[in-house]
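Here is a walk through one protein chain, taken a piece at a time. Keep the picture open as you read.

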Amino acid sequence: MMRLRLLPLAVLTAVLAFGHSAAGPPFLTDDPEPVPYRHWEAYLFSTWDRTPGGTDVQGPAVEVNFGAAPGLQLHLVVPRAAGRPRGDVSRSGLGDVEVGAKLRFVRETKHRPQIGIFPMAELATGDATRGLGNGRTWYRIPLWIQKSRGPWTTYGGAGWIVNPARGQRDHAFGGVLAQRAIGERLTLGGEIFAEGADAASGRGTTLANAGGYLDLGRGFSLLFSAGRSIRGERHDVAYLGLYRTWGPGG
């Protein structure tokens, strides 16, 4: 859903901006900062995507991240998928399971951003004949950058998707996000995220998305976002999730 000429802008903006806070869900843009060593993150969430061709829902879905080593995070998402193509009946079942590993190879300093990669594989566990999966395992290979200053954070980057399924095509993606802590419990932010055409007959899309995190205490947070396309294929998207983190030292 993104043209290649947008990618350098996303990366450059991420490097030059500033801030520090949580990242990734509920946004589409991710960051290079892994879960701390021996710590855990868990999300119970749902996503919603409406297009002229119908509505797709992930949820309830479970995401688990673990700090396997300093600078290394292991990642797993197991979703329930549901969809209702326009003019057709609804269907639901297990979706494609996501696995990945986030590796930060440059630490942030006063004048240097942190940089990392977060390759993922979307395993073909969903039933593609019912519209619940891709039909073949596909891959995302992104590079993410983040720089911090005070209550602000900006992170972003770009990458490439390799999708060998019939009717699908390889394409670029990228995004940039800025957010700010509002007091001790609330963080709000906004992003621009774009992808190239993911199908031979499709078009790219650029999305504007806004959301945030509400700290509920005891390691729990409520995550939320909503947005829509501002260019290309029409999409209305939303995310709602409950997050918890725990590990040595609290």
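## Strands side by side

Strand E8 and strand E9 (residues 152-162) run antiparallel and are joined by eleven bridges. One of the facing pairs is Trp144 with Gly157 in E9. Two residues sit between the strands of this hairpin, and Gly150 there has a positive phi near 60 degrees.

E8, which covers residues 138-149, has other partners too in this predicted model. It pairs antiparallel with strand E6 (residues 114-117) over four bridges, and Gly116 is the residue opposite Trp144 in E8. Strand E7 (residues 120-122) also runs antiparallel to E8, with three bridges between them. There, Ala121 has Tyr139 of E8 as its bridge partner.

The average pLDDT for the chain is 89, and 90% of the residues score at least 70. Residues 1-22 are another story: their pLDDT is below 50, though the stretch has 79 contacts in the model beyond near neighbours in sequence. Where pLDDT is low, the predicted coordinates should not be read in detail.

## Rings that meet

How many aromatic pairs does the structure hold? There are seven. Phe27 and Tyr213 make an edge-to-face pair, at 6.0 Å centre to centre and with 75 degrees between the planes. Phe27 is in the loop between helix H1 (7-16) and strand E1 (40-51), while Tyr213 is in strand E12 (residues 205-217), so this pair ties together parts that are 186 residues apart in sequence. Are these two buried or exposed? Phe27 is buried, with a relative accessible area of 6%, and Tyr213 is buried at 7%.

Now for Trp40 and Trp246: their ring centres are 6.2 Å apart and their planes are at 10 degrees, so the pair counts as stacked. Trp40 belongs to strand E1 and Trp246 to strand E14 (residues 236-246), so parts 206 residues apart in sequence are tied together. Trp40 is partly exposed at 33% relative accessibility, and Trp246 is partly exposed at 33% as well. Ring pairs also bring Phe66 into a cluster with Trp40 and Trp246.

## The nonpolar cores

The largest nonpolar core has eleven residues, including Phe27, Phe45, Val77, Tyr213 and Tyr243. E1 and E14 are the elements that give two or more residues to this core. Leaving aside neighbours within four places in sequence, Val77 touches Phe45, Val62, Glu63, Val97 and Glu98. Another core, of seven residues, lies apart from the largest one, and among its members are Phe118, Ile161, Phe173 and Phe193.

## Charged partners

Side chains of opposite charge can pair when their charged atoms come close. This structure holds nine salt bridges. In one of them, Lys102 meets Asp30, with the closest N and O atoms 3.3 Å apart. Lys102 is in strand E5 (residues 98-106) and Asp30 in the loop between H1 and E1, 72 residues apart. Lys102 is buried at 4% relative accessibility, and Asp30 is buried at 13%.

Arg140 is partly exposed at 25%, whereas Glu98 is buried at 10% and Glu122 is buried at 6%. Elsewhere, salt bridges link Arg50, Arg228, Arg234 and Asp236 in a network.

Note on methods
Residues are numbered from 1 along each chain as its sequence is written. This is a predicted model: local features need pLDDT of at least 70, side-chain atom pairs count only at pLDDT 80 or more; totals for chains, interfaces and linings use all residues. Side-chain values use heavy atoms; hydrogens and water are left out. pLDDT is the predictor's confidence in each residue, from 0 to 100. Contact means heavy atoms within 4.5 Å. Rings of Phe, Tyr and Trp (its six-membered ring) pair if their centres lie within 6.5 Å; planes under 30 degrees apart count as stacked, over 60 as edge-to-face and the rest as tilted. Buried means under 20% relative accessible area, exposed over 50%, partly exposed in between (1.4 Å probe, protein chains only). A nonpolar core is a set of buried Ala, Val, Leu, Ile, Met, Phe, Trp, Tyr and Cys residues joined through side-chain atoms within 4.5 Å. Two strands pair if DSSP finds at least two bridges between them. A salt bridge is a side-chain nitrogen of Lys or Arg within 4 Å of a carboxyl oxygen of Asp or Glu.
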